[in-house]
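Reader: I am new to reading protein models. Could you take me through this one by question and answer?

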Amino acid sequence: MPPLRRSICAFAWEGVFTAGFGIWHDPLQETRNNSDGNWQPSGGYEYTDSSAMWLKCARSGCLWCGFLAKHFPRTARECEDSPLLTVRIGRQPRPTSMSDQPMGEYDDLTIVLNKDAMTFRLYTSADDPAAAWIKGRTRIPHVNDTQVLALAKTCVEECARDHEHCQAVPRHPSGFTPLPTRLIDCSDPRCIRLIKTDPGARGTYIALSYVWGEDQPNRTTRANIPTYMVRIDPSLLPQTIRDAIRVTQALGIRLLWADSLCIIQDSPEDKHRELAYMLNVYRYAYLTIDAASAACASEGFLHNQRPLNTQAMLPFIGPPDRAAPSAALTEIGNVYLLPCDSVLRQTSDVETHSEILSCASQTGRRAWCLQETLMSTRLLVFSSETLQLRCQSAIQNIGGALHRTSAHWDLARLPPTIFDAVRPASRGSEEWWAVHRIWENVVRDYSRRLLSHPSDKLAACAGLAEMFAHALGATYVAGLWHDTLLVNLFWQPCDDGAGRLPPASYRHDGQYRAPSWSWASFEGEVMPRVSSLPDSALRDESTEFQAMAELVECAVMPEDENLPFGAVVRGLLTLRTRMLKVQSIVGSHAHRASLVQYLVPAETAQDAGHNELGPHHSNDTVPSTFSKPIYLWSRLDSDEDDTVQDLWIVPIWRICKANGGILGLVLGEAEPNTVRQTASGGVVGRVYRRVGHWAIDPDERRRDTYAWELEEMFKANQAVDVRII
């Protein structure tokens, strides 16, 4: 055994350090105890110590005991009640991506103290003796270093040459890689210039994904483009584009695409034409540079990475020689442990999305950058924490460098069923289900991101929508899918965890985003589908759900006919269903339930739906008051809608379970000026807008709430055409 380090107590040195922190043992997992059903940890290395002795060693300067006391303060406080300390430590199973490829060259080390657990990232420097057994490496501090960029170049070339999934990504139907209309020629550092490609030209280029974050006064315009075609003065360019030119040259590529220079920014015609081609710009690029660490274009991304303040350095003893197990342990190195966001209980069927992206990503906060990320074959990500290559086969940190994990769920890449779909998925197939679920994940990620111009809500995801439309073979209507529209209507704003919703919504800031029935009308993160509607609701032959509304019409008018997946100027949804006017709602933003105190039947068919469908049902048909109030689970989309006086509820789905239930929308009458702006000239009479959704939960029907009376009221009313904008 190597001589005792004075900074480590003898008990820890002869135990956990000699055992190599348990990494030579089976991975640390949790299994269920058959006798009592409780979860029990297994694998790794376990030892028991006196709690009093542990704290004494920690106070005496033992690095290991002090490390545990620092990161497990609750266990330290509870020592009086638990005289013995049980420690289990070991590596976690290597997480895998959707394609079962390694997601990074690192080791996760989980430590369990009594009942508390915490996971750490284990890494070392490349020249340390411990590097023979520990895969994770210390962070690359200088990403602008020539050797670092050369290492990145090698990784990119290996991907292009050896990765089967990346080679299988389809090229243009013509069989070659088409070039965008304009590109930046980076071949001569002394003469950077803009070039216009010939129709049908092919070649290799790099694209840039970055955050503008500010005005770019020297962007390409109709006035300066003749000058830029001759030479661009580098001093005029923001630092992020200058850094991208440097990386492009280091990777041995001549051409670079950046939107501020390659699109004529003051030409609406050129912008619309290039936006229509945006999907192909990133899809066919050899590589996309992701300037993830730059909050604005002037910051640049080739700067030194910030140091880590929460890491701990501990000695590491290598394993015994397996050919001579009795040989003494002599190899001593140093390793670092950094807390990460993983948890102990992970199973192989749970996708660990938090392991994919760095937590410090400026492009990860911007809406336009999501489709640039997901549509790219491979990305070289310059974050503030690591230099990383992401492709269709793997995600790897350049040089095995450490990166901190993100606590926020996020996407890394699209599966082949979407990215290189040759033909649409068959409706109802497993592939079709998977595409729908991934779209919902994309919507949630996209909706939380920021836009400088809210009117770009649909335009900034148009390329992704086009890819999904091809994969599904479905008609796209302002963020939703026509063939599953009655389910897609049930999106829900995400609250702050205490039931409070953000006050902003589509109609309050004067900028039109989308029709009120689309999630794109809401400013903020949304849940694309409420939990009350599982996948089974999408099945044509579903016996669990029965539609209580009929889709009559759903149409949108695009801002530009050449951009059918982009911004819209208006939309109209017509449902044939029944209506009830809610005269008073109390407590509409309680987190669980809203109290409906008084209900009246829908107005006459002619007044409410503008169709003569039969005789009007008078108030004698149903009770006008109730002996008890009716409880509905009702969520308005914005707190500002609390002031709306006249609200209607319409049923959309019946839950056909033992106790039954109903899901529906809450509607308010659209303001006259909104109707004129967003509805076509043929729409007359009363028009509504979505303000929320409601439900009669099956569990609530067990209560004495008289919810059945509400169902009877709907049945007594005639169906009308309800127009929603």
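Reader: What share of the contacts with a separation of 6 or more is between residues 24 or more positions apart?

Author: Take the contacts in the protein with a separation of 6 or more. Then pick out those between residues 24 or more positions apart. Their share is 73%.

Reader: What is the average pLDDT of the protein, and where is it below 50?

Author: The average pLDDT is 80, and 74% of the residues score at least 70. Where pLDDT is low, the predicted coordinates should not be read in detail. One stretch below 50 still has 114 contacts in the model beyond near neighbours in sequence; it covers residues 587-627. Another has 16 such contacts, and it covers residues 700-705.

Reader: How do α14 and α15 run relative to each other?

Author: Helix α14 spans residues 430-447 and helix α15 spans residues 462-472. Their axes come within 10 Å and cross at roughly 165°. Angles over 145 degrees count as roughly antiparallel. So α14 is, relative to α15, roughly antiparallel.

Reader: Is the crossing of α14 and α15 left-handed or right-handed?

Author: Look at the two helices where they cross. The crossing of α14 and α15 is left-handed.

Reader: Which residues in α15 meet α14, and how many residues of each class are in the contact?

Author: From α14 come Trp432, Val435, His436, Ile438, Trp439 and Val442. They meet Leu464, Ala465, Phe468, Ala471 and Leu472 in α15. By class, that contact has ten nonpolar, one polar and no charged residues.

Reader: Which residues in α15 does α12 meet, and how many charged residues are in the contact?

Author: Leu370, Gln371 and Leu374 are the α12 residues. They meet Ala462, Gly463 and Leu464 in α15. By class, this contact has four nonpolar and two polar residues, and the charged ones number no residues.

Reader: Is Ser293 buried or exposed, and which residues does it touch?

Author: Ser293 lies in the loop between β11 (287-290) and β12 (312-317). Buried means under 20% relative accessible area, and Ser293 has 9%, so Ser293 is buried. Not counting residues up to four places away in sequence, Ser293 touches Glu299, Gly300, Phe301, His303, Gln362, Phe382, Ser383 and Ser384.

Reader: What is the phi of Phe21, and where is Phe21 found?

Author: Phe21 is buried, with a relative accessible area of 1%. Its phi is positive, about 60°, although Phe21 is not a glycine. Phe21 is found in the loop between α1 (10-17) and β1 (29-32).

Reader: Where does Ala478 lie, and what is its phi?

Author: Ala478 lies in the loop between β17 (476-477) and β18 (480-481). With a relative accessible area of 3%, Ala478 is buried. Ala478 is a residue other than glycine, yet its phi is positive, near 55°.

Note on methods:
Residues numbered from 1 in each chain as written. Predicted model: local features only at pLDDT ≥ 70, side-chain atom pairs only at ≥ 80, totals over all residues. Heavy atoms only, no water. Axes fitted to C-alpha atoms, helices over the stretch in contact; angles between N-to-C directions. Helix = DSSP H or I, 4+ residues; strand = E, 2+ residues; numbered from the N terminus. Parallel < 35°, antiparallel > 145°, perpendicular 65-115°, else oblique. Left-handed = near helix turned anticlockwise from the far one by under 90°. Contact = heavy atoms within 4.5 Å. Nonpolar A, V, L, I, M, F, W, Y, C, P; charged D, E, K, R; others polar. pLDDT = per-residue confidence, 0-100. Buried < 20%, exposed > 50% of the residue type's maximum accessible area, 1.4 Å probe, protein only.
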